[in-house]
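Please view the sequence and structure below before reading on.

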Amino acid sequence: MDNRINYRAVFEKTGSAKYISHLDLNRCMQRAIRRADLPAWYTEGFHPHMYLMFSLALSLGAESMCETMDFRLTENIPAQEVMARLNAALPEGLKVHAVITPKYAAADIGSAIYRVELQSEDLPLLARNWDAFSAQSEILVEKKTKRGKKEVNIAPMITVLSVEEIEGCLRIMLQLPAGNEGNLNVSVVTDAFQSFAEQPFVIEKSVREKIFCLNGEEFS
């Protein structure tokens with residue numbers, strides 16, 4: 001008899017939690033599930049371990065409002081109860097927004113939307129620098145591959161959704177490829193812009209807001 005019941009937690013990773021590495025996040029979530037006294041399902045074999053699957057890795061230092069974690073329980077517990085028990089066991093900066101039954105697989109992910117907020121003493125100049133940067137047909141960056149390092153043109157991969165000065169920041173909304181068919185880390189874009197810009201600025205926030213599937217639907 002298969003006693004595996006699939007769940008997906010949608011959670012935020014903000015504040016000091018943005019400095020938790022992917023490996024430490026895995027450990028943190030395992031501890032939270034144990035503290036919440038949830039009947040976790042473990043893999044079989046010589047080295048059983050708690051089944052956890054994170055759909056899309058987040059770069060260290062970035063925040064997110066839409067992280068997902070797949071896990072399995074051996075009992076059918078109502079989603080609201082699972083969410084409440086997890087939130088009671090999680091540290092500050094990690095908060096579950098919803099617990100759902102997975103609809104899509106990680107392989108279905110196609111893109112993600114990011115909110116980047118930049119601070120500078122001259123925001124109008126920063127906006128002009130960004131316009132010039134994003135208008136380029138070629139933005140070359142060095143990326144690591146299994147065969148070594150190579151130059152990649154990321155310009156065609158960047159979709160700028162909006163740019164506005166708000167609350168003392170230049171707020172930029174970006175849609176970037178994500179998932180198995182191609183992935184562009186938002187930090188690669190901001191690093192490239194820092195190399196291009198002719199003025200100093202501070203990355204106040206870098207937040208993943210939404211994840212979308214290849215078919216255009218929001219990942220759930």
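The largest pocket holds about 150 Å³ of space. The model is predicted: local features need pLDDT of at least 70, side-chain atom pairs count only at pLDDT 80 or more, and totals for chains, interfaces and linings use all residues. Residues are numbered from 1 along each chain as its sequence is written, and side-chain values use heavy atoms, with hydrogens and water left out.

**Terms**
- On a 1 Å grid over the protein atoms alone, a pocket is an open set of points with protein on both sides within 12 Å along at least five of seven lines, a cavity is a set where a 1.4 Å probe fits but cannot get out, and lining residues have an atom within 4 Å of a point.
- A volume is the space filled by probe spheres set on the points, which are joined across faces, edges and corners.

**Largest pocket**
- Of its 13 lining residues, G61, A62, S187, I203 and S206 lie nearest the centre.
- Both α4 and β10 (202-213) supply at least two residues of this lining; helices (H or I, at least four residues) and strands (E, at least two) are DSSP runs, numbered from the N terminus.

**Cavities**
- There are two cavities of 30 Å³ or more.
- The largest cavity has a volume of about 60 Å³, and its lining includes K13, H22, F54 and E67.
- The second largest cavity contains about 40 Å³ of space.
- Among the residues lining the second largest cavity are V116, W130, I172 and F193.
- With three residues, α4 gives the most to the lining of the second largest cavity.
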